[in-house]
Amino acid sequence: MTAASRTPDTRLRLQQSAVAGIDPRTLYLLAKLRQDVFSIEQKATDPDLDGRDLEPTTALLWIEVPGPDADAAGLEGEPVAHVRVLREDDGSMRIGRMAVRAQERRAGFGRRIMRAALDLTAQLAPEQPVHIDGQAYLETWYQGMGFEAVGPVFLEAGIEHVPMVFRHPHD
């Protein structure tokens, strides 16, 4: 079952689920969002669907709002921002596949979805570092959220990325 929590703007819904708990129509719209951002817009050279979404410890998070795609699919909302949270073999956490629909950028959805992902990692493994491979042009944005670069820029899927880590504060 998908967990939903309302944000102060009642048009927005933050959703969280494993792949198995997502309505197939919503899963299709999530895949479409990722395809639109990574494959079409950014022309990523590696496939988006890498099997990690199916791992039992993976959580997908997304923000949805009412819209024409939702209406066409008979749903209350359509995804405008997405991220996945993974647990690595060493116990550390990884956030990846962050995507925000082009026309929704600069509306705060990226920060909201990343904050939700960090909150989830704090619940699951507060003592563990959280890793990302952030797109290099967003390095300063990620630093503003508390991430620090831990290595040099590298190419992934034909796009410059920088390895970064976030450590949850301890009381």
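1. Is H170 buried or exposed? With a relative accessible area of 60%, H170 is exposed, because the cut-off for that class is over 50%. This is a predicted model, and every value below is computed from it.

2. H170 sits in the segment after β9. Leaving aside neighbours within four places in sequence, H170 is in contact with P126 and E127. P68 is another matter. H170 and P68 are 102 residues apart in sequence, and their C-alpha atoms are 43 Å apart in space.

3. Now E88. Its place is the loop between β4 and β5. E88 has 18% relative accessibility, so it counts as buried, the cut-off being under 20%. Who touches it? E88 touches R52 and R94, not counting residues up to four places away in sequence.

4. The largest nonpolar core has 29 residues. L61, I95, F109, M114, L118 and F147 have the most contacts inside this core. Two or more residues each come from β3 (59-65), β4, β5, α3, β6 and β9. Which element gives the most to this core? It is α3, with 7 residues. Apart from this core lies another, of 5 residues; V19, L30, L60 and W62 are among them.

5. A closer look at α3. The helix has 16 residues, and at 1.5 Å a residue these should span 22 Å. The end C-alpha atoms of α3 are 23 Å apart, which agrees. Buried residues in α3 are F109, G110, I113, M114, A116, A117, L118, L120 and T121. As background, an α-helix has 3.6 residues a turn, so residues three or four places apart point the same way.

6. M114 touches I95, M98, W141, Y142, M145 and F147, not counting residues up to four places away in sequence. Of these, I95 and F147 are, like M114, listed with the most contacts inside the largest core. M98 and Y142 are among the residues that lie nearest the centre of the largest pocket.

7. That pocket has a volume of about 950 Å³. The lining consists of 41 residues, and F38, M98, Q135, L138 and Y142 lie nearest the centre. Elements giving two or more lining residues are α1 (24-41), β4 (78-87), β5 (93-100), α3 (109-124), β6 (130-135), α4 (139-144) and β9 (159-166). The most comes from β5, with 7 residues.

8. What classes make up the lining of the largest pocket? By class, 20 residues are nonpolar, 7 polar and 14 charged.

Terms used: Residues numbered from 1 in each chain as written. Predicted model: local features only at pLDDT ≥ 70, side-chain atom pairs only at ≥ 80, totals over all residues. Heavy atoms only, no water. 1 Å grid on protein atoms, 1.4 Å probe; cavity = no way out; pocket = protein on both sides within 12 Å on 5 of 7 lines; lining within 4 Å. Points joined across faces, edges and corners; volume = space filled by probe spheres on them. Helix = DSSP H or I, 4+ residues; strand = E, 2+ residues; numbered from the N terminus. Nonpolar A, V, L, I, M, F, W, Y, C, P; charged D, E, K, R; others polar. Expected span 1.5 Å × (residues − 1). Buried < 20%, exposed > 50% of the residue type's maximum accessible area, 1.4 Å probe, protein only. Core = buried A, V, L, I, M, F, W, Y, C linked by side-chain atoms within 4.5 Å. Contact = heavy atoms within 4.5 Å.
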